[in-house]
Structures are given as C-alpha cells and as structure tokens.
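Here is a short briefing to read alongside your structure. Keep the 3D view open and follow the topics in turn.

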Amino acid sequence: MLTELVRQDQLANDLANASTPGYKTDRSAQSTFGELLLSNSATAQPIGSLGLGVQIAETKTDMSQGPVKQTGEPLDVALQGPGFLVVKTATGTAYTRDGQLAVDANGGLMTSTGLPVLDAQGAPINVAGHASDLQIAPDGTIRGGGKTLGKLAIASLTTPSKLGDNLFTGTAGAAPAGTTVQQGALESSDIDAARVMVDMITSLRAYESSQRVIHSIDETLSRGIDSAGGMS
Amino acid sequence: MPEGIYAAAAGMAAQQAQLDAVSNDIANVNTAGYKSERLGFHDLVYQAEMGAPVGAGAAPIDLGRTTAAGSLNDTGNPLDVAIVGAGYFQVKRADGTTALTRNGQFQVDGNGSIVTQTGERLVPPITLPKGTDPSTVTIASDGQVTAGGAAIGKISIVDVTNPGGLLSVGNNLFAATASSGAPAAARGSTLQQGAIESSNVDLASAMTDMIEAQRGFQFASRMIATQSQLLDDANQLVR
C-alpha cells in the first residue's frame with residue numbers, strides 16, 4: 001500500500017506539471033524485499049517462503065523529448081536532442097531544459113525563475129538593448145543588432161536528478177552531438193496524460209487490493225483469537 | 001502521505017493562473033496595442049518518500065508580456081499613431097507618475113494637449129496651438145509633430161532593458177520597475193501616422209491554450225479525487 005501511495009504522489013506531481021516547459025516524467029519501479037524461508041522450529045522442516053512485500057527499487061526520470069510548441073517569442077528556446085542549458089544557482093551550477101528565458105534589468109539573460117544562463121566559458125550572457133531583436137542560431141550563438149552577444153552553453157548530463165524549479169543536477173559532460181537550439185519555440189512537458197491516468201487507476205486498484213488483503217489478514221487473526229479463546 | 005493531494009492542488013492553481021491569463025488575452029482581442037500575457041511554469045521542491053523523489057507540484061511565473069508586433073490597421077485618423085518596432089509611448093498618469101503604452105489612439109483635450117484615450121498627456125507634452133484643426137497635424141516617422149507647417153514637438157519612443165519586467169497598471173499602461181530597468185530612447189523604431197497597432201492576441205492559439213489549461217485543470221482535479229479515495233481506503237482499514 002505504501003509504495004502505491006508514493007507512486008500516486010509522483011503521478012500527482014506529473015499531472016500538476018502538465019504545462020511546465022521541459023518537465024520530465026518520473027517513473028518508479030518496484031521490487032520485492034528479500035523473502036524469508038520459514039521452517040518448523042521443532043523439526044527444522046521447511047514450510048515455504050514468506051514475502052515481506054514490495055519496495056521502490058528506483059525512480060527513473062524519463063528524459064524523452066517533449067513536443068515542441070511554437071510561441072514566436074524571441075526569448076523562448078527549445079532544445080532538440082539530449083542536451084541541457086547551463087544556469088548558475090546560489091549553490092553552484094545546475095541544468096535545465098526549460099527554455100523560457102527572460103532578461104533582467106541590466107540585460108543579463110536568465111531563466112524564468114531568475115537564474116543567470118551561462119555560456120560555454122561559464123560566464124553570464126548580456127543581451128542589453130536586444131531583448132526584442134535577439135537571434136539565436138541552432139548552435140546557440142546569440143546575435144543582436146548584427147553583433148554576436150554570446151553563445152548558450154549546452155551540456156550533456158548523466159544520471160540527471162531533479163532539484164525543482166525546472167532544474168536538474170548530475171554529472172555534466174561536453175555538448176551531446178545533435179542537440180540544436182530552436183528559437184521561438186518551447187519544449188512542452190513530456191507527460192502523457194492518458195498514460196498517467198491509466199497508471200493512476202492501476203495504482204489505485206493495486207492499493208485497494210492491498211487494503212483488502214490487510215482486511216482478510218485482520219479477519220483471519222480475529223477468528224484465530226476467537227477460536228483459541230473458545231477452546232479454554 | 002497527503003503530499004500528492006497538495007501537488008495536485010498546486011497543479012490546479014497553476015492551470016487556473018493560465019486560464020486567467022488566457023481569458024484576459026481573449027477579452028483584449030480588440031484592444032489596440034495590447035500584448036498577450038507570457039506565463040511560465042516551474043516544478044516545486046522534491047523530497048524523498050520511501051527513497052523515491054516526489055515533487056510538490058507546479059507554480060506559475062509571470063514573465064510579463066509577449067513582444068510580437070500586432071498587425072497595423074489603417075484608420076486615416078491623423079492622431080492615430082502606431083510604433084513600428086520595439087518601444088512605447090511615454091505618458092503622464094493622473095497621479096503624476098510616468099507610464100508606458102503602445103496604444104497610439106490619441107486625441108486632443110480641452111487645452112489642446114495630445115492625450116491618450118484615457119486622458120494621459122504625452123511626456124514631453126505636445127500642445128496644439130489654439131485654433132489648429134487636428135486633421136492638419138502631421139507626425140513624421142521620427143516622431144516630429146507639425147501643425148499648420150510649424151513644428152510643435154516630438155513624440156518620443158522609449159524602451160526598457162527588460163520589457164517582461166514592466167508592471168501592468170491597467171488602461172493598457174505599464175509602469176517601469178526595478179526589474180524592467182529605466183526607460184531610455186528606443187533604437188531603430190519608427191512611427192506611422194494614421195494607423196493603430198492591433199492586439200497581438202491570436203484567437204486560435206488562445207483558444208487552444210485555454211483548452212489545454214482546462215484539461216490540465218480537470219486532470220489535476222481527478223487526481224485530487226483519487227487521492228481522496230486513497231485516504232478513504234486507508235480509513236476503511238479500521239472499522
């Protein structure tokens with residue numbers, strides 16, 4: 001029952017992020033706890049094995065590409081391919097696929113949550129005066145008013161894990177081959193609503209079955225106590 | 001345990017914000033100089049539940065307005081002016097503060113000053129000499145205003161570093177904030193007399209955005225019902 005609760009909570013989070021750009025779905029795999037071998041304590045004759053239920057073996061974030069939606073906004077970029085944009089946080093470097101960018105009062109390029117977006121040298125990018133006429137090439141080069149203003153860093157990420165605020169952390173590597181930047185578009189959340197609904201129903205039913213099992217065990221115990229009490 | 005129910009509720013609130021933004025856009029489909037709202041979303045903190053990371057839902061972020069130009073409508077009215085390119089007209093509100101707008105449907109008030117539809121004067125002010133017929137006013141592409149052959153002022157076009165940081169104050173007016181930066185003369189933008197910039201709201205994409213937000217809202221509310229069922233089942237354990 002408890003693992004199904006965790007699964008439901010993850011599904012709730014997935015659905016809540018149906019509109020979050022660059023959001024990636026979480027999937028949990030379950031595995032059984034180690035089974036115990038029961039044996040008769042007097043004769044040492046084996047009786048059989050006893051399972052102790054299930055646990056969550058691992059949670060994998062599904063990194064598949066979300067659908068790309070055209071917005072026409074010069075500060076919206078969608079990453080096509082497995083790379084990540086690199087941003088600076090208070091505690092270090094983080095990675096995101098949310099390309100809904102903005103500009104701060106000094107012209108610094110930042111994410112929608114206000115974190116500076118970095119170039120390949122790890123420096124922030126300044127686009128002062130060009131917020132509305134920016135041109136971002138597929139390789140991430142940013143031009144405004146005929147001048148090159150910087151180039152978006154694109155990094156690959158092994159073992160990505162989520163930090164919230166559309167950020168990921170993990171082991172970063174060089175830009176993965178074939179990742180391009182598309183200006184004027186956003187990568188939508190990759191959640192598949194139909195699949196989440198089906199998972200939700202399946203998980204709910206599994207949870208209910210577990211609940212019935214607990215009931216049956218409760219009743220068995222109750223009858224055992226009653227009949228044991230009746231014998232004396 | 002009830003994390004999921006709150007995550008779903010946060011999702012509903014986020015979709016509600018999107019619905020509100022789209023409704024406002026649709027209501028302003030005919031407002032001159034209107035720019036549709038730009039809303040972002042982000043996921044919330046993750047914490048471990050039985051070793052698995054579980055997120056707390058989603059939240060909306062206000063990213064200001066979109067920048068796409070609306071189409072220019074010829075009106076032939078000499079006091080209708082559209083900005084071609086980035087930037088805003090600068091006007092003075094009744095409370096004395098300066099505001100920015102892209103709505104160039106101007107008129108002349110009792111003192112001969114050029115004002116917006118809602119009565120805000122241009123900054124710097126431009127006043128027509130007494131007895132000038134407004135239909136003889138010409139406005140050059142650089143903003144130079146001439147009435148009866150005499151130059152009477154210049155309409156300035158200003159822009160800010162981060163238009164997304166402007167604060168909408170109603171009446172199609174925006175106020176500069178610390179995050180938008182102070183207004184400065186816009187580069188490369190021109191004026192076109194006798195035209196207004198129509199709203200940049202694209203009804204078709206606004207409708208699809210609305211349907212998407214509605215469905216997202218429904219999914220999240222289904223999730224709350226399911227979470228409620230889970231709690232109910234847990235309660236049934238003890239009879």
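Let's start with a turn: β11(A) and β12(A) make a hairpin with 4 residues between them, and Gly140(A) in that turn has a positive phi of about 95°. Strand names follow DSSP, where helices (H or I, at least four residues) and strands (E, at least two) are runs numbered from the N terminus. Please keep in mind that this is a predicted model, in which local features need pLDDT of at least 70, side-chain atom pairs count only at pLDDT 80 or more, and totals for chains, interfaces and linings use all residues. Residues are numbered from 1 along each chain as its sequence is written, chains are lettered from A and ligands numbered from 1 in the order in which they are written, and side-chain values use heavy atoms, with hydrogens and water left out.

**Confidence**

- The model scores are ipTM 0.78 and pTM 0.82.
- Chain B has an average pLDDT of 89, and 99% of its residues score at least 70; pLDDT is the predictor's confidence in each residue, from 0 to 100.
- Within chain B, confidence is lowest in strand β2 (residues 46–49), with a mean of 85, and highest in strand β7 (residues 88–92), at 94.

**Hairpins in chain A**

- The hairpin of β12(A) and β13(A) has 2 residues between the strands, and Gly145(A) in its turn has a positive phi of about 55°.

**The barrel of chain A**

- A closed barrel of 4 strands runs β7-β8-β15-β14 in chain A, with antiparallel pairing.
- From one strand to the next, the twist averages 50°; axes are lines fitted to C-alpha atoms, for helices over the stretch in contact, and angles run from 0 to 180 degrees between N-to-C directions.
- Strand β14 (residues 154–164) and strand β15 (residues 167–173) of chain A run antiparallel and are joined by 6 bridges, with Leu167(A) in β15(A) as the bridge partner of Gly164(A).
- The loop between β14 and β15 of chain A holds Asp165(A), which has a positive phi of about 55° although it is not a glycine.

**Salt bridges**

- Over all chains, the structure holds 12 salt bridges, each a side-chain nitrogen of Lys or Arg within 4 Å of a carboxyl oxygen of Asp or Glu.
- One of them links Lys162(A) with Asp26(A), whose closest N and O atoms are 3.4 Å apart.
- Lys162(A) lies in strand β14 of chain A and Asp26(A) in strand β1 (residues 26–32) of chain A, so the pair ties together parts that are 136 residues apart in sequence.

- An open sheet of 3 strands has the order β12-β13-β14 in chain B, with antiparallel pairing.
- Its edge strands are β12 (137–139) and β14 (150–154) of chain B, each pairing on one side only.
- Neighbouring strands of this sheet are turned by 25° against each other on average, direction ignored.
- Strand β13 (residues 144–147) of chain B is joined to β14(B) by 4 bridges, and Thr146(B) has Ala151(B) in β14(B) as its bridge partner.
- β2(B) pairs with strand β3 (residues 52–55) of chain B in the antiparallel sense over 4 bridges, and Pro53(B) in β3(B) is the bridge partner of Ala48(B).
- The hairpin of β2(B) and β3(B) has 2 residues between the strands, and Met50(B) in this hairpin takes a positive phi near 50°.
- Val123(B) and Pro124(B) are joined by a cis peptide bond with omega of about -10°; Pro124(B) is found in the loop between β11 (121–122) and β12 of chain B.

Notes:
Two strands pair if DSSP finds at least two bridges between them.
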